[in-house]
Amino acid sequence: MNRLFILFLQISIVSCAISVSLSQLFLFFTLILYLITKGYKSFRLTAISMLSLGIFILYGLSFFYHIPNSEVWTYIAAIKGTEFKDVLLFGAFLVVQNLNDSEEIKKIEKAFWILLIVLLISGFISIFSPIRLSRLISDLFKPSPTWKFAHHYGDLFGVGIHLPIGLMNTHLTFAGIFLLFAPFLFFRFIFSIRDRKNILFHFLILFLFGMIALLNNARSALIGASVSIAIGFIDLLFIQKYFSIKNTLKLLGIPILAIGLTASLLFFNETMAKTIQPLLGQEKHTDSGRTFIWSSTYPMILANPILGIGPGNYGKEVEVVRKHLSQKYKDLLFFFEVTQRGHAHNDFLHIAAIAGLPALLIYIALASVICYKLLQPKFSRNDNILFYGLVGFFFAGLFQCYFQDDEVVIVFWYLLGFFHLQLSNRKPE
């Protein structure tokens with residue numbers, strides 16, 4: 001049964017790059033086997049595990065506190081459409097954090113590698129596909145009436161270039177998963193230069209990753225990836241002292257020059273300029289919308305600071321707030337009407353809105369503890385590069401709701417569970 005547990009776990013991790021439904025299905029199977037074979041007693045009580053669980057405890061308290069007396073069963077039946085359903089995704093953390101066999105750990109590491117390879121291959125193919133790759137697969141079983149074409153940037157040397165989203169449904173979701181692995185690939189390349197091993201291979205992988213990320217153009221994810229890499233440099237330069245500043249500048253000289261030269265040349269191409277200009281500060285059409293979304297979220301937090309408005313109620317409550325604001329600021333009525341409504345476009349604001357300020361404080365504490373654990377000097381290791389992206393996840397959440405995105409957060413919980421496992425297995429020097 002344990003072999004079946006590991007197989008289902010591997011399939012769930014790899015399928016995160018293919019289908020969120022498939023990954024959740026195998027996570028469910030894995031979670032059932034986990035409860036049968038290991039049980040709740042294998043749950044390791046640490047700051048990370050307790051803070052993670054604390055977020056969902058407050059989700060639950062808020063959810064049940066806001067159940068209308070006259071609509072109890074209707075409200076409970078609608079749980080699958082609320083943020084509270086993400087407690088199932090927290091199972092990804094549970095099933096990984098308790099592994100204790102070295103062979104099992106190696107198999108999970110292999111699953112993460114395959115996940116990354118699928119992301120890279122599907123992302124690269126989607127650049128040249130006028131039809132979304134997910135639709136090419138799903139339409140084989142059931143035709144969908146929704147928009148099936150990929151966003152077309154233009155032509156580069158006569159070849160059509162499209163927005164890369166791999167097998168995901170949106171470019172933000174694809175970028176959210178991508179950012180979690182950005183520092184891993186970056187520092188693998190830096191290590192290859194230092195060790196003078198497989199430099200060309202790691203450079204080509206990093207170049208492919210960078211090209212896909214650039215065309216994807218999700219600035220929130222790029223910010224998160226940049227912070228992750230900066231955290232990595234702090235760890236590797238000043239804490240672990242794997243590099244000196246002088247040698248690091250030498251190692252980075254050629255990559256920075258190559259990236260700068262490539263970007264400069266591409267900037268003169270109309271197609272590529274569309275992707276590069278927003279990264280240099282040009283405003284996108286979605287930028288101003290965030291201010292209207294955030295200003296519509298603040299009143300909900302102020303009115304419900306302890307337990308929030310309840311999971312699943314954001315859409316309903318934001319309509320009430322926007323109606324009030326559009327009456328107060330009549331000149332802005334149009335913008336309040338057309339701006340996106342599904343979530344707060346900021347994980348911190350969204351969590352505070354639906355579950356209250358205590359949930360927000362726990363979320364901030366979780367981010368802080370993860371960062372602290374990553375930067376502890378008393379452990380001798382070089383495997384942190386797989387986990388720097390966990391810190392970037394929180395920074396990217398300042399501009400997007402990645403914690404509310406099933407496709408992204410399931411990968412986050414798998415990585416955090418694996419990091420939690422590594423912490424438990426590490427020995428002080």
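Analyst: Happy to walk through it with you, starting with the overall make-up and then turning to some details. Keep in mind that this is a predicted model.

User: Thanks! How many helices and strands does the protein chain have?

Analyst: The secondary structure of the protein chain comes to 19 helices and two strands.

User: And what share of the residues count as buried?

Analyst: Of the 429 residues in the protein chain, 52% count as buried. As for contacts between residues at least 6 apart in sequence, 77% of them join residues at least 24 apart.

User: OK, at what angle do the axes of helix 1 and helix 6 cross?

Analyst: They cross at roughly 20°, and the axes come within 8 Å. That angle makes helix 1 roughly parallel to helix 6. The crossing of these two helices is right-handed.

User: Which residues of helix 1 and helix 6 meet there?

Analyst: From helix 1 (residues 2-14), the contact includes Ile 6, Leu 9 and Ile 13. Among their counterparts in helix 6 are Ile 108, Ala 111, Phe 112 and Leu 115. By class, the contact of helix 1 with helix 6 has nine nonpolar, two polar and two charged residues.

User: What about helix 10 and helix 18, how do their axes cross?

Analyst: The axes of helix 10 (residues 219-239) and helix 18 (residues 389-396) come within 7 Å and cross at roughly 140°. Helix 10 and helix 18 are therefore oblique to each other, and their crossing is right-handed.

User: Which residues make that contact?

Analyst: On helix 10 they are Ser 220, Ala 221, Gly 224, Val 227, Ser 228 and Ile 231. On helix 18 they are Gly 389, Val 391, Gly 392, Phe 395 and Ala 396. The contact of helix 10 with helix 18 has six nonpolar, five polar and no charged residues.

User: Switching topic: how many aromatic pairs are there in the whole structure?

Analyst: A search finds 35 aromatic pairs. One example is Phe 56 with Tyr 59: their ring centres are 5.6 Å apart and their planes are at 75°, so the pair is edge-to-face.

User: Where do Phe 56 and Tyr 59 lie?

Analyst: Both are in helix 3 (residues 47-65), three residues apart, which is about one turn of the helix. Phe 56 is buried, with a relative accessible area of 4%, and Tyr 59 is buried as well, at 1%.

User: Which residues form an aromatic cluster with those two?

Analyst: Phe 56 and Tyr 59 belong to one aromatic cluster whose other members include Phe 90, Phe 93, Phe 348, Tyr 363 and Trp 413.

User: Is Trp 113 buried or partly exposed?

Analyst: Trp 113 is partly exposed, with a relative accessible area of 33%, whereas Phe 184 is buried at 9%.

User: Now the loops. Where is Ala 150 found?

Analyst: Ala 150 is in the loop between helix 7 (133-138) and strand 1 (152-156). Ala 150 is buried, with a relative accessible area of 16%. Leaving aside residues up to four places away in sequence, Ala 150 touches Ser 129, Pro 130, Ile 131, Arg 132 and His 162.

User: One last thing: what is phi of Arg 196 near?

Analyst: Phi of Arg 196 is near 55°, a positive value in a residue other than glycine. Most residues other than glycine have a negative phi. Arg 196 is in the loop between helix 8 and helix 9 (199-216) and counts as exposed at 74% relative accessibility. Asn 198 is found in that loop too, with a positive phi near 50°, and counts as exposed at 54%.

Methods
Residues are numbered from 1 along each chain as its sequence is written. This is a predicted model: local features need pLDDT of at least 70, side-chain atom pairs count only at pLDDT 80 or more; totals for chains, interfaces and linings use all residues. Side-chain values use heavy atoms; hydrogens and water are left out. Rings of Phe, Tyr and Trp (its six-membered ring) pair if their centres lie within 6.5 Å; planes under 30 degrees apart count as stacked, over 60 as edge-to-face and the rest as tilted. Helices (H or I, at least four residues) and strands (E, at least two) are DSSP runs, numbered from the N terminus. Buried means under 20% relative accessible area, exposed over 50%, partly exposed in between (1.4 Å probe, protein chains only). Axes are lines fitted to C-alpha atoms, for helices over the stretch in contact, and angles run from 0 to 180 degrees between N-to-C directions. Angles under 35 degrees count as roughly parallel, over 145 as roughly antiparallel, 65 to 115 as roughly perpendicular and the rest as oblique. A crossing is left-handed if the near helix is turned anticlockwise from the far one by less than a right angle, and right-handed if clockwise. Contact means heavy atoms within 4.5 Å. Ala, Val, Leu, Ile, Met, Phe, Trp, Tyr, Cys and Pro count as nonpolar, Asp, Glu, Lys and Arg as charged, and the others, Gly among them, as polar.
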